[in-house]
Amino acid sequence: MNQQIVTRSAEETERLGYSLGALLKKKGLAATVCLYGDLGAGKTTFVKGFASAFGIPGREVGSASFVIVAEYETAPPFYHIDLYRLGDEPCTEDIGLWEYIESGGIVVIEWAEKLGEMPEGALSVTFQHQHEDTREIVIEGIGHDELHALMGDIGKL
Ligand code: ADP
Ligand code: MG
C-alpha cells in the first residue's frame with residue numbers, strides 16, 4: 001500500500017514521523033525505513049519524530065552531520081544511518097550496513113538512494129520539496145491496517 005501526505009510545517013512532518021514510529025513500536029515490528037529525497041526535503045526532521053517514539057530525544061538526532069551511523073541503545077536497538085557523505089560508489093559493506101539491517105533493530109536510512117537496492121521488506125518514505133513550508137511525503141510498503149491507523153492518528157482520514 002502507499003499513501004501520499006502533504007505536510008505544511010516541519011512540526012507536521014515530525015509528528016508524522018512520530019506516529020509511524022509509535023505504530024511500528026506498538027506492533028513490535030522490526031523495521032527498516034528507507035528515506036528518499038533531496039537536501040532540505042525533511043528527512044532528518046521526520047527522523048527526529050520517528051526516533052522520539054522510541055525514547056530518543058529529537059534534539060540528539062542528526063546533531064553531528066559527519067556521523068554515518070548513529071547507534072542508540074534502546075530496546076529494540078535503533079540505528080540512524082545517513083548516507084549523505086558516502087561517495088557515489090556505494091561502500092555500504094565497509095560500514096557493515098547489511099548487518100544493521102539484519103540485526104532485528106529499527107534502522108532508518110537517509111539518502112537510501114545510495115543503497116542501490118532497497119532491503120527486502122523495507123518501508124520507503126519519499127520527500128519532495130513543494131513550497132517553502134510544504135512537503136509531499138509518500139509512504140510505501142506499509143500494510144493496509146497500519147496505514148489506516150497512521151492516517152487516523154495524524155488526523156488525515
Ligand atoms: P533533510 O534531512 O532531508 O536534508 P532536514 O529535515 O534537515 O532535511 O531539513 C528540512 C528543513 O526544511 C528544516 O529546516 C525544516 O525546518 C524545513 N521545513 C519547512 N517546512 C517543512 C515541512 N513541511 N517538513 C519538513 N521540513 C520542513
Ligand atoms: Mg538529513
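Two rings of Phe, Tyr or Trp, the last taken by its six-membered ring, are called an aromatic pair if their centres lie within 6.5 Å.

**View 1. Aromatic pairs in the predicted model.** In this structure, which is a predicted model, there are eight aromatic pairs. A pair of aromatic rings is described by two values, namely the distance of the centres and the angle of the planes.

**View 2. The pair formed by F50 and F78.** The centres of these two rings, F50 and F78, are 5.9 Å apart and their planes make an angle of 50 degrees, and the pair is tilted. Because F50 belongs to helix 2 (residues 43–52) and F78 to strand 4 (residues 78–82), the pair ties together parts that are 28 residues apart in sequence. F50 counts as buried, since its relative accessibility is 0%, and F78 is likewise buried, with a relative accessible area of 0%.

**View 3. The pair formed by Y79 and Y100.** With ring centres 4.8 Å apart and planes at 45 degrees, Y79 and Y100 form a pair that is tilted. Y79 is in strand 4 while Y100 is in helix 3 (residues 97–101), so this pair ties together parts that lie 21 residues apart in sequence. Y79 and Y100 are both buried.

**View 4. A lysine and a tryptophan ring.** Here K43 lies over the face of W111, at a distance of 4.3 Å from the ring centre.

Technical notes: Residues are numbered from 1 along each chain as its sequence is written. Chains are lettered from A and ligands numbered from 1 in the order in which they are written. This is a predicted model: local features need pLDDT of at least 70, side-chain atom pairs count only at pLDDT 80 or more; totals for chains, interfaces and linings use all residues. Side-chain values use heavy atoms; hydrogens and water are left out. Rings of Phe, Tyr and Trp (its six-membered ring) pair if their centres lie within 6.5 Å; planes under 30 degrees apart count as stacked, over 60 as edge-to-face and the rest as tilted. Helices (H or I, at least four residues) and strands (E, at least two) are DSSP runs, numbered from the N terminus. Buried means under 20% relative accessible area, exposed over 50%, partly exposed in between (1.4 Å probe, protein chains only). A charge sits over a ring if NZ of Lys or CZ of Arg is within 6 Å of the ring centre and within 35 degrees of the ring normal.
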